[in-house]
Amino acid sequence: MIDFTSVELPKISTHQVGNKLRDEGIKISSDEVYIDNGDTKALLLKYFLSPFTGNETFNFHNPTELGLNAIYTFSKRIFDDPSQFQQNSIEIAKHLYEASTHPKVSGGELSVCLLNNCVLNGVSGNAIGLFKSEVKDVFLKFEPTTNSNFRIKHENGVNIGKLDKGCIIFNAEMETGFQVFIIDSNKANDTQYWKEDFLSIRPSSDNYHQTKSFLSITKDYVTKQLAEEFEVSKADQIDLLNRSVDYFKTHETFDKETFENEVFTHPEMIKSFRSYDEQFRSASEMELSDNFEISSHAVKKQARVFKKILKLDKNFDIYIHGSKDLIEKGVENDGRKFYKIYYTEEV
């Protein structure tokens, strides 16, 4: 989906942005950064761009009016007039500082970049990159001296193998909030301020999002709601999760009615699932279609979080990958519970 093979970096500006809650302040760079070393620029581009795989797309969003989204507006100004790059990079840094109010937000360097020759879905164009470096590593340096010896010292710096936070804004689909891709390696510790408070984005209504969202709804229904309405065992729940994923793996297009009949089969369970689906969409303000092309990338990613393990006390974990017909549940005369497992051969 994304190709950075021929990417160019004509403009970059870096600002120091602290945590506003701790009153750490902000240090604005007076001008763009000049990089005269080709190797340094290549390493910088690798650090910024290599984490982006291009599977999940977002759009800038504002509940009142798209133009009120700050990063959308600053990005549009840069795309419209690149000569205004520096001033708008300053405005972006100021906006990040205003959004950095959670106590766990770390200060760091924000680099705003103009990127040319970026290819998205086969179309070449320009993009804007926002990259924040927060975590510093210690590096040892071994330097030869003039007397055939070595000097060993250390320096603090950024590990180019791990980008803390990043956002690439492609100059495409401006009317719907541009096409945006993000990286956030520390979202669990700062309540996603990068995605929500700073960028204010929401998933695009594409096939990837549709597939991911419907699998999430199904997983939540089976694991949280199903047992409250029906008498089902853990093995039954795992079987439903397996059948859900199998549907998405074996079909190219999704049809909600077909999915319900193949996975849940029973009319009462289908009715229950539809009710849960409607409530889930309404509460989360999701816009989903009942028919769409299935994204194999989304299926692969979501399948990892579908737990297929049946845990029995602290003694056994049973991984269930196939049909529930091969596992039988029962109770002995003395009250001990058991599962009987059928198989053809040991592997």
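Q: Which residues of helix 2 meet which residues of helix 3?
A: Ala70, Ile71, Phe74, Arg77 and Ile78 of helix 2 meet Phe85, Asn88, Glu91, Ile92 and His95 of helix 3, where contact means heavy atoms within 4.5 Å. By class, these residues are six nonpolar, two polar and two charged (Ala, Val, Leu, Ile, Met, Phe, Trp, Tyr, Cys and Pro are nonpolar; Asp, Glu, Lys and Arg charged; the others, Gly among them, polar). The model is predicted: local features need pLDDT of at least 70 and side-chain atom pairs pLDDT 80 or more, while totals for chains, interfaces and linings use all residues. Residues are numbered from 1 along each chain as its sequence is written, and side-chain values use heavy atoms, without hydrogens or water.

Q: Why are helix 2 and helix 3 called roughly antiparallel?
A: Helix 2 (residues 70-80) and helix 3 (residues 85-99) pack at about 170 degrees, with axes 9 Å apart. Angles run from 0 to 180 degrees between N-to-C directions of lines fitted to C-alpha atoms, for helices over the stretch in contact. Roughly antiparallel begins over 145 degrees, so helix 2 and helix 3 take that term.

Q: What makes helix 5 and helix 9 roughly parallel?
A: Their angle is about 30 degrees, with the axes 8 Å apart. The term covers angles under 35 degrees; helix 5 and helix 9 are therefore roughly parallel. Tyr208, Thr211, Lys212, Leu215 and Ser216 of helix 5 make the contact with His297, Ala298, Val299, Lys301 and Gln302 of helix 9. These residues divide into four nonpolar, four polar and two charged.

Q: How much space lies in the largest pocket, and which residues are closest to its centre?
A: About 1,300 Å³ lies in the largest pocket. Of its 39 lining residues, Glu56, Phe58, Lys195, Pro203 and Lys212 are the closest to the centre.

Q: Which helix gives the most to the lining of the largest pocket?
A: Helix 5 does, with five residues. Among the other elements that each supply at least two are strand 10 (179-184), helix 4 (194-199) and helix 9 (296-303). The lining has twelve nonpolar, 15 polar and twelve charged residues.

Conventions:
1 Å grid on protein atoms, 1.4 Å probe; cavity = no way out; pocket = protein on both sides within 12 Å on 5 of 7 lines; lining within 4 Å. Points joined across faces, edges and corners; volume = space filled by probe spheres on them. Helix = DSSP H or I, 4+ residues; strand = E, 2+ residues; numbered from the N terminus. Parallel < 35°, antiparallel > 145°, perpendicular 65-115°, else oblique.
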